[in-house]
Amino acid sequence: MPEKPIKGEKRYFMTGNEVVAYAAVMANAEIMYGYPITPQNEIMHYWTRMAPKYGKEFLQTEDELSAGFTTVGGVLAGRRAFTATAGPGNTLMQEPISMAEAMRLPIVVVVQQRGGPSTATVIYSQQEVTLTTLGGNGEGFRVVYSTANHQELFDYTIKAFNTAWKYRFPTFVLGDGYQAKMRESLTMYDPEERGLKMVPTEAYVGKPGVPGIDRPPGQYRNTYNVEEEIHEVVQQYTKEFNAIAPEVAEYESFGTEDADLVIVSHGVVYRAVKEAVSELREAGMKVGYFRPITLRPLAEKELKEMAGRAKALLMAESSVGQMTRLVKEVIYGATADIHTLYKPGMGISAEDVAARVRSIL
Amino acid sequence: MAKAVKIVLAGEGGQGVQSVAEIIAEAANEEGREALYIPNFGVEQRGGVSVAFLQIGDQAVGSPKFNTADIVIALSERAVRRTSQYVGPDTVFVYDSGLQGIEDDIPKNARKVLAIPALQVASDELTPRVFNIIIMGAVVKATDVVTEDRAKDAIEKKLGYKFEKNPKLRDLNYKAIDRGAELVAALL
Amino acid sequence: MSVQVAMPKSWRVDTKPHKFCPGCGHGLVLKAMGEAIDELGIQGKVVYGCDIGCSLLSWDLFNVDTIQTHHGRTTPVITGVKRANPQVIGIAYMGDGGGYAIGSQHLVNAAARNERITVILVNNTQYGMTGGQMAPTTMPGQKTETSPYGRDPEKTGYPTQGPEMVAAITREGAYVARATVAKPKQMKDFIKKALENQISGGGFSFVEVLSTCPTNWRTNAEDTWNFVEKEMPKYFKVGEIKVPETLHKEGK
Ligand SMILES: Cc1ncc(C[n+]2csc(CCOP(=O)(O)OP(=O)(O)O)c2C)c(N)n1
Ligand code: SF4
Ligand SMILES: [Mg+2]
């Protein structure tokens with residue numbers, strides 16, 4: 001086995017894209033497929049630089065349809081394969097992701113959100129929530145981790161491979177242009193040294209032996225003849241997805257018990273919320289926060305409980321309510337007032353959050 | 001929670017504001033502090049003003065961008081105009097005294113406005129190439145986010161390979177840090 | 001500025017200087033295109049589509065109706081316009097990544113259907129706008145951000161021969177050529193013919209132009225011109241490949 005770039009625990013100071021490339025190497029990812037798009041390009045740049053040294057492969061495809069389908073091919077061959085994209089690339093990737101969803105293929109996709117719709121900006125947004133959680137012509141059988149800082153980018157990129165291979169649902173790390181391009185500190189480590197086992201991979205096709213003689217052939221489909229068949233498949237997937245949801249769902253919350261107002265946010269906006277809440281608390285205001293880490297599946301039980309208790313909620317996100325729609329569905333019936341702080345395509349600062357809270361309370 | 005120091009550095013493409021921000025961020029990180037540096041980037045960045053957002057503190061930094069900076073350093077006429085949005089009543093606004101036609105654009109609401117002759121010092125005393133290092137000295141002095149010695153170490157780390165070949169460069173860069181610090185110290 | 005003096009009439013004055021980097025070939029190609037539009041007197045009929053790539057920076061460059069499309073999708077957008085209104089003269093302008101990678105299916109099928117549009121494709125051997133990744137046209141051994149150790153043709157193939165491919169899949173009536181910014185007169189001549197062929201209803205018209213990207217090549221002026229004049233023609237042969245009977249051949 002070729003060596004790994006990181007031994008022991010060490011503090012690093014780098015960009016998020018570099019963090020993702022390192023995390024994928026440390027997770028024993030074997031092959032990356034990708035197509036250039038800002039702001040994820042440097043994931044490919046760092047991966048291709050490390051590749052020969054650590055025995056990794058890379059293929060630059062002709063577009064994101066191809067990047068997605070080659071990643072599908074990679075996992076069918078039993079490799080820990082991944083891709084990374086953003087914005088219009090994420091749009092194109094919904095077709096291959098749909099296939100992965102239909103055939104329970106453990107692809108890992110890193111999304112660095114940029115402004116939308118269309119080409120928009122290469123900078124930042126939280127406008128790929130709907131697409132990433134529910135895109136394609138399906139039911140959203142996907143796991144989506146929304147990270148907020150470089151430590152999480154590292155931790156959850158590694159975790160994404162395990163979630164994908166354990167449950168066999170396409171798994172996403174949802175970052176954004178800020179996280180991709182900014183530099184901050186984090187601790188990187190070899191997951192195995194921390195006792196974190198990588199879930200083993202398994203080939204769907206190309207196993208040893210002659211099909212029909214030594215083993216049954218591996219035959220996988222996504223097309224069905226009659227309504228009853230697809231109905232049954234989707235029902236089964238739904239059951240399995242719902243069954244794993246409580247185990248997969250992650251969240252963080254603070255001060256929701258006594259809060260007059262609970263701020264719901266995800267990803268990088270959560271940083272602003274956390275900062276604002278700590279200031280507002282110091283100023284004697286009863287505010288708390290709830291931050292889903294998984295946007296799909298959501299921590300439904302905890303969200304419901306929180307919303308049932310809360311007097312008022314403030315939804316803060318860099319889109320016109322993409323996270324809010326997901327949350328509202330879960331908390332349906334709660335009587336808390338819902339306020340919003342939507343800044344589509346733009347960052348939200350702690351000052352923005354604090355000012356909005358003061359305008360409500 | 002002690003708040004992070006928030007810094008905005010802005011200039012024209014070739015003025016090296018991004019590398020200054022990056023070196024300061026790395027120096028702070030080396031000191032065990034928490035730093036967050038985010039460049040601005042976009043389709044039209046080629047023609048536009050280059051802005052760097054930098055925060056340094058002792059705890060994990062909150063949101064990567066912010067509305068109001070503790071210190072804004074604007075190195076070109078356009079940068080002065082572009083960055084006035086980050087100025088508030090607690091902001092120290094620093095600009096180069098050689099800039100022209102900006103009298104009306106200097107923010108009126110800043111806590112302090114400092115005009116430093118960095119461009120002039122660079123070309124008269126040192127070399128225009130270390131202009132950005134003078135600025136770095138000024139930022140470090142004005143904010144105390146890292147010590148001047150740490151700043152020098154960080155430069156050594158970044159440019160050490162060049163200094164090996166030409167030790168005079170090291171002196172020049174160190175002097176630039178000192179001069180930058182002096183320029184601000186005289187005004188603070 | 002001297003650009004002012006030489007500016008084609010069909011260029012918009014109020015959006016100049018244009019937004020390309022100094023030494024970029026895009027400006028030269030679009031100047032030739034502007035002159036061709038002027039000479040043919042078709043400013044009022046052109047519908048210009050630019051791709052996503054550095055070509056997007058030309059969305060307000062001309063005083064002609066313009067559509068900025070998606071990366072790789074300019075060919076179908078202009079095809080749609082032309083089919084819906086055959087009176088217009090449709091120009092699809094794109095990079096090598098846009099045309100030969102993500103948009104290759106559109107190029108192939110538009111050519112095969114002999115769409116009456118003019119496609120101008122700028123070959124700068126990499127992805128300019130996204131910061132210099134490998135493109136289908138990257139030269140063997142050339143270092144890019146995603147081929148940091150040099151393009152290895154064993155693993156990633158040889159540079160795409162675009163005009164040769166288009167020539168092979170089009171019928172009579174198509175016009176196909178490869179120009180270079182190093183020969184501006186010839187470049188303008190080829191672009192003009194690619195427009196004339198559309199005007200006369202001949203068929204699909206395609207010109208690839210060898211161009212420069214000093215920013216991502218990280219070259220000075222001398223090396224930039226050396227690369228486009230000496231290196232690129234080793235894989236990309238400049239000249240006309242397919243000329244309809246109705247159009248005169250180069251030099252005749
Ligand atoms: C679907 C999609 N994928 C990726 C991108 C990102 N992207 C923008 S421009 C570009 C490449 C441009 O290269 P090229 O077409 O060669 O044009 P150049 O900039 O070199 O002129 C890419 C990959 C995008 N905008 N849309
Ligand atoms: S990056 Fe290259 S292709 Fe794009 S404008 Fe600059 S020189 Fe031209
Ligand atoms: Mg190109």
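Reader: Which residue forms a salt bridge with R291(A)?

Author: A salt bridge is a side-chain nitrogen of Lys or Arg within 4 Å of a carboxyl oxygen of Asp or Glu. Here E152(A) pairs with R291(A), and their closest N and O atoms are 2.7 Å apart. Between domain 1 and domain 2 of chain A the count is 2 salt bridges. This is a predicted model: local features need pLDDT of at least 70, side-chain atom pairs count only at pLDDT 80 or more, and totals for chains, interfaces and linings use all residues. Residues are numbered from 1 along each chain as its sequence is written, and side-chain values use heavy atoms, without hydrogens and water.

Reader: Where do the domains of chain A lie?

Author: Domain bounds come from an automatic or database domain assignment. For chain A it gives domain 1 (9-194) and domain 2 (251-360). Their centres, taken over C-alpha atoms, are 26 Å apart.

Reader: How many residues of domain 1 of chain A are in contact with domain 2 of chain A?

Author: Contact means heavy atoms within 4.5 Å. In chain A, 27 residues of domain 1 meet 24 residues of domain 2.

Reader: What is the area buried between domain 1 and domain 2 of chain A?

Author: Interface size is often given as the accessible area lost when the parts come together. Buried area uses a 1.4 Å probe and is summed over both parts. Between these domains of chain A it is about 2,000 Å², with 52% from carbon and sulfur atoms. On the side of domain 1 of chain A, Y124(A), Q126(A) and S146(A) lose the most area to domain 2 of chain A, together 30% of what that side buries.

Conventions. Chains lettered and ligands numbered in written order. Buried area = accessible area lost by both parts, 1.4 Å probe.
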